[in-house]
Each structure stands twice: as C-alpha cells, then as structure tokens.
Amino acid sequence: MLINDLLNKNKKENFDFNRNFVQKHYLLDKNYQKDSLTYSKILFNHYSKLYFFVEPDTILSYIKGMISYLRGSTTPELQNMLYEFQLLEATVIGRMGYALTELRMLSELYPKLLKSNNTLLLYRYNFNLALIYYQYNETQKSLDFLYKVIHEKKLTQEVQRYKGVSYILLASNYLKLNQPDSIRKYNRMAAQFLTRKVLSHIIYISRYHSINAYLLALDKNFVEVYKNIDSAYNIAVERNNDGEILYSNFMKARCFALQKRYDEAIDLYKYILANSPVLMLNIYKSYILRNLLDVYKQTGKIEKVYDTYDELLEFQEEETQRTKEMQIEELD
C-alpha cells in the first residue's frame, strides 16, 4: 500500500522515476511476482494512471504482458484483476481511435463482468460504451448507458468518485440534442465533483468549463463566458488533448455567434474544420457545420449556406456508413 501511495503522488512530474522504479523492482525482479495479487494491483494502478502521459503503443505492450501473466488465474481476486487489465486494454485501443475494436472487446468481456458481480468493473464497462456511442453520435444509446451508471443503487464509494465524469458526459450529450435545461442540470451536478482528485481526470474539468461557457452565453454573461473558455482551453493545451482543444474552440465559436460576433464565429468554425484531427472532428463535424450554416443564414450569405449544406449532406452519408458498421459489430 505504501508503494502504491508513493507511485500515486505527482504522477506526471514523477513519471520517469515511477516508470524506472516499477520496471526495476516489479517487471525485472521475480521476487515481487510471488504475491500475484499485490503485484497485479500495483502494476494496474501504475499503468491506468500513467497511460495519459505516454504513447499508447508503449502502455499497450505492458498491459498485454499483464494479461498473459494473469490468464488462467483461478481465484476470484486474480480473475477480477485480469478483467481490469482487459478493460484497460479496450480503453487504450479506443483512445487510439479504434472504437469498433473497443466495442467488440467490451462485448466479449461483458459475460465475464456480469459473472464477477464487480460494481466498479461494470461501471467502467457502461461508461466506456456510453463514450463510444457519444463518439458515434448515437446520443440516446449513450444516455441509456450513462443512466445505468448514475441510477445504480449499489454504487460503492469508489464508483461514486467517478460520477462527476458521467454527469459531464450527460451534459455533453444533451448539448448535442440542444436541450439547455438538461445541459444546465447535469453540468451543475458535475460541479460538485470539481474539487475532488478525479472528475475522473482533469480533462473532464476542461469539458466542464467549455459547457459552462456556453450556458453563460445563453444567459448573456459574456465576461464570465471567456474566462471559462480560457480555463478550458488552457487545461486542454497543458494536457495536449486535441479533443478538448477542439471542443473549447467549438464552444467559443458558438458563444461568438450568440454574442452576434458573426465574422469571428465563421472564422473559428472554419479554423476548426481545417485544422482538427479527423478522428476528433468526426464526433462534432455535423454539429459544427449546422452551426456554421446558421451563422451564414444570419449574415445573409446564401451561397455559403448552399455550399455548407452540401458539405453537411456529404458528411452525413459518411456518418451513416460508420453507424452501419457499428450496428454490424453490435449484431456480432
């Protein structure tokens, strides 16, 4: 436990020390493998906390090594650790942009998770699926899995710590559906978790500020709007998170439009469309194009309206094909 606590402190700043310590004392020294459960817990804790700071391929190779080490375990505790690593493997693969592969891996893992009756594992499973469907703009399916998380009556204290993340994703889904009352409700609920160590991690604090900026713009409180946008953007840049950089810029453009700063909104929408990574952009492109379309209407740029509408139709056809691919995976 002491070693775990030490490895948890200042994870980013002490990354090199932590990695060297774990590799020297746990990966190379066979004596530490005699207690398989403690060994597995320490390495899971290490990899699950640090995969945000290193190349996913590197972490993936370590995770696969632990899955091989634990495969064939007979005790419930070690089997649960195996499932923890398999869930983490699916999560990392999803972060690399392979959402359909992640979906397949989660589907294969689900019967084992049910049998384990481990609330935390089932929480992570439901949240991962909610995130996949959010990325594919299947908002109702995303909401369904999120409601399983927040309405679960047997949530342990450990799982409760992660509820702020679920509230943020609920607010994000309702923003896609353009339902301000629900956005406001769940973003306010997420705010209760901002002072804790997790929201579950700091990137979701960036998302909270982006959504809050949009809500403040609806209330015409534009001084606070741009303070929140700056907070969201700075956190995203600090963590080098392309998805939240895109999202904070998207919300900033929407706030420009609500403030009737139409030229700035158009420029920022066009910048996002031209400069964002494709995998991230696909999550929001149809919404960005719809908002750009609306700004062109407001400014009477009819030719731009038609051009943007054609681009939106073309993208929606591509999106429909991706959804069909997902449905095939679901049927499998």
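Modeller: First, a term: a helix here is a DSSP run of H or I with at least four residues, numbered from the N terminus. An axis is a line fitted to C-alpha atoms over the stretch in contact, and angles run from 0 to 180 degrees between N-to-C directions. This is a predicted model, so local features need pLDDT of at least 70 and side-chain atom pairs count only at pLDDT 80 or more, while totals for chains, interfaces and linings use all residues. Residues are numbered from 1 along each chain as its sequence is written, and side-chain values use heavy atoms, with hydrogens and water left out.

Start with helix H5 (residues 76–95) and helix H6 (residues 99–116). Their axes come within 10 Å and cross at roughly 160°. H5 and H6 are therefore roughly antiparallel (over 145 degrees). The crossing of H5 past H6 is left-handed; that is, the near helix is turned anticlockwise from the far one by less than a right angle. On the H5 side, the contact (heavy atoms within 4.5 Å) includes Asn-80, Tyr-83, Leu-87 and Ile-93. H6 contributes, among them, Thr-101, Met-105, Leu-109 and Lys-112. By class, that contact holds 8 nonpolar, 6 polar and 3 charged residues. Here Ala, Val, Leu, Ile, Met, Phe, Trp, Tyr, Cys and Pro count as nonpolar, Asp, Glu, Lys and Arg as charged, and the others, Gly among them, as polar.

Now go to helix H14 (residues 242–258) and H15. They pack at an angle of about 160°, with their axes 8 Å apart. H14 is therefore roughly antiparallel to H15. H14 also passes H15 in a left-handed crossing. From H14, the residues in contact include Leu-246, Phe-250, Ala-253 and Phe-256. From H15 they include Tyr-262, Glu-264, Leu-268 and Ile-272. The class count for H14 with H15 is 11 nonpolar, 1 polar and 3 charged residues.

Glu-264 leads on to the charged pairs. The structure holds 7 salt bridges, each a side-chain nitrogen of Lys or Arg within 4 Å of a carboxyl oxygen of Asp or Glu. One of them joins Glu-264 to Arg-261, at 2.7 Å from N to O. Glu-264 has a relative accessible area of 34%, so it is partly exposed. Arg-261 is partly exposed too, at 27%. The scale is simple: buried is under 20% relative accessible area, exposed is over 50%, and partly exposed lies in between (1.4 Å probe, protein chains only).

Next comes Asp-263, paired with Lys-301 in a salt bridge of 4.0 Å, N to O. This pair links distant parts of the chain, 38 residues apart: Asp-263 sits in helix H15 (residues 262–275), and Lys-301 sits in the loop between helix H16 (278–298) and helix H17 (302–331). Asp-263 is exposed, at 51% relative accessibility. Lys-301 is partly exposed, at 33%.

Compare a local pair. Glu-224 and Lys-227 meet in a salt bridge of 3.3 Å, N to O. Both lie in helix H13 (residues 222–238), 3 residues apart, about one turn of the helix. Glu-224 is partly exposed, at 31% relative accessible area. Lys-227 is also partly exposed, at 46%.

How values were computed
Helix = DSSP H or I, 4+ residues; strand = E, 2+ residues; numbered from the N terminus. Parallel < 35°, antiparallel > 145°, perpendicular 65-115°, else oblique.
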